[in-house]
Amino acid sequence: MGEAFTALGINLPQLIAQVANFVVLLLILRFTLYKPVLRMLDARRARIAEGLGAAEEARAEASDAQARIQAQLDEARGQGQEIVANAQQVAARLQEEARAQAERDREAAADRSRQEIQLERDRAIADLRAEFAEITVTAAERVIRQSLDGEAHQRIIEETLAESELGERS
Amino acid sequence: MRKVYIAGGVIAVLGWVALGLIVARGPQPEIIVPAEIITKLGPLNVSNTLISAWAAMIILAVVTFLGTRAMKLIPRGAQNFFESAVEFLVGQMEDIAGQRNTRIFFPVIATFFLFILLSNWMGLLPFFNAIGKTEDIGHHIFHEIEEHESDHKDFTEEIGHASGWLMNNTGGIGLVPPRGASNAEFEMGASEASPVSPAEALDRYVVFLAETFTDFEGNGHDEAPSAETLAGARAALAADPDAPRLLAGDGGHGVASAALGEELVVGGVEFPGKKLALIIPLFRSVYSDVNNTIALALISFAMVEFWGLRALGLGYLRKFFNFSGVIPAFVGILELLSEFIRIISFAFRLFGNIFAGEVLILMLTFLLPFLIVDIIYGLELFVGFIQAAVFALLTLVFAVMAVEHHDEEDEGHEGEAGHETESRGSVGP
């Protein structure tokens, strides 16, 4: 065993030295490589996760806003349609009213004209009657050359007229 | 036309390999398993693998420090590289261990991976195993002989590290000679059965030097050199001014020659021209040294047990010491054994792969310096990565196994769940 150790050059001080070397190197690398690099990698990972989270949030917010805008648009469109429908309704009503008014006006005008015509005709008839009566009186005077009092005359005329077609008509 | 291209390609490849053999062929490498000691620091032998480990640590520390000094949320340049590396490791680990365990295991596992990977790849750099301090083998052999002489002890085994390269004096620090250096190994034929006295060793050494450095031809190495051979060797050495010179020793110091009696007392050897030496590389792949791989394996073992105990408390030990029956007890012992065998398998898997790769590259550089060795370099890059990954991943897997709840506890949980459903049932009408 001892010979094998000598042949391979195994000696305790160098073995211990190499163990110490490793420990020293481990501590150095921990300080110069592992800690800073791992910290940086973690920091970057956290940053990226944060960025992705923020992007996700922004995207959610954007889609939220989009939905809100869409809702507002829909609402506005609905309102617009309602307004238009109302307006159409009002317009129809107005039109209806206008037409009814016009109808009424026309009716009234027609009534008035009819009344006027009636009045005119009544007046004309009255005039005609008066004139006819006068003419008749005159004619009768002439025919009978008999003076009768006015009242008797008038009564006779009236009776005559009542019997006649003109009187029946009124 | 195509044939011409193929023939041209073959000729170019062969020419390139031949050129490598001519200009870049080094001496035959001396494969030494233990890491070579460069200097001593108190009780610690500072070996070349330890120096390489420190170099890798410094590089890792400095580069990561500079790369992560000013971290920004939007990464640039080096930060990108380090972040992707760490993220890659974390990702791989999370697949195996889950997110929560990964944060606990990460520093240790990642350090295993980075340290082993960088060390393995650094081991492929050209100055590894090539630049070093010269070790004077010629003097080393004489000192061994002199020590045995003063202790009055015969050689019962060959002198260790008795082979080297014939190379020019490079003054302490040098490069492995790229060409022309030949190898020489001093052998005495000493063993327990036929011990060699220091005096005879000296005689053999003198003949060896004469044979190696001059045209002198001895009469074989089966027995101790005769007086004539020795005289001839001395004459040959003396005739050549560039050959090694034997320095005379005084009465109380030096080695007396056996064949020439008390007359010749050698107090030292001097090499005015070429000398017999080796280049002990200053840098050698960190995990071609068993000490370093055993150290990592021990840390891996300790961390796995620590994590297991922290996650499960003393219940963790129930995996090993379970006396509810014969078979569970036996399985527990096997588990315990396997826990310790892991140290050895961890240590020797890494050591074997890296050391073998290093030897392969050294030998191929010696045999065919150009081109072929490039393929092996590519392979070794791959092996270096795989071994780092294997070490880190196996540690991770064992750690995950250690912190997982044991079977019996799972059964207990199921029982509790059953009670819960029962009580929930009784709440109903």
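1. R103(B) is partly exposed, with a relative accessible area of 37%. Here buried means under 20% relative accessible area, exposed over 50%, and partly exposed in between (1.4 Å probe, protein chains only). This is a predicted model, in which local features need pLDDT of at least 70, side-chain atom pairs count only at pLDDT 80 or more, and totals for chains, interfaces and linings use all residues. Residues are numbered from 1 along each chain as its sequence is written, chains are lettered from A in the order in which they are written, and side-chain values use heavy atoms, with hydrogens and water left out.

2. The partner of R103(B) is D42(A): the two form a salt bridge, with the closest N and O atoms 3.0 Å apart. A salt bridge is a side-chain nitrogen of Lys or Arg within 4 Å of a carboxyl oxygen of Asp or Glu. D42(A) lies in helix α2 of chain A and R103(B) in helix α3 (residues 78-122) of chain B, so the pair joins two chains. Helices (H or I, at least four residues) are DSSP runs, numbered from the N terminus. D42(A) also counts as partly exposed, at 29% relative accessibility.

3. The pair belongs to a network of salt bridges that links D42(A), R45(A), E87(B) and R103(B).

4. The contact (heavy atoms within 4.5 Å) takes 33 residues from chain A and 47 residues from chain B. The two chains bury about 3600 Å² between them, 72% of it on carbon and sulfur atoms. Of the area that chain A buries against chain B, Q14(A), Q18(A) and F22(A) supply 20%, more than any other three residues. Buried area is the accessible area (1.4 Å probe) that two parts lose on being put together, summed over both.

5. Two salt bridges within chain A deserve a remark. The side chains of R99(A) and E96(A) meet at 2.8 Å, N to O; these residues are three apart in helix α2 of chain A, and are therefore separated by about one helical turn. E96(A) is partly exposed, with a relative accessible area of 42%.

6. R106(A) and E103(A) likewise form a salt bridge (2.8 Å, N to O). Being three residues apart in helix α2 of chain A, R106(A) and E103(A) are separated by about one helical turn. E103(A) is partly exposed, at 39% relative accessible area.
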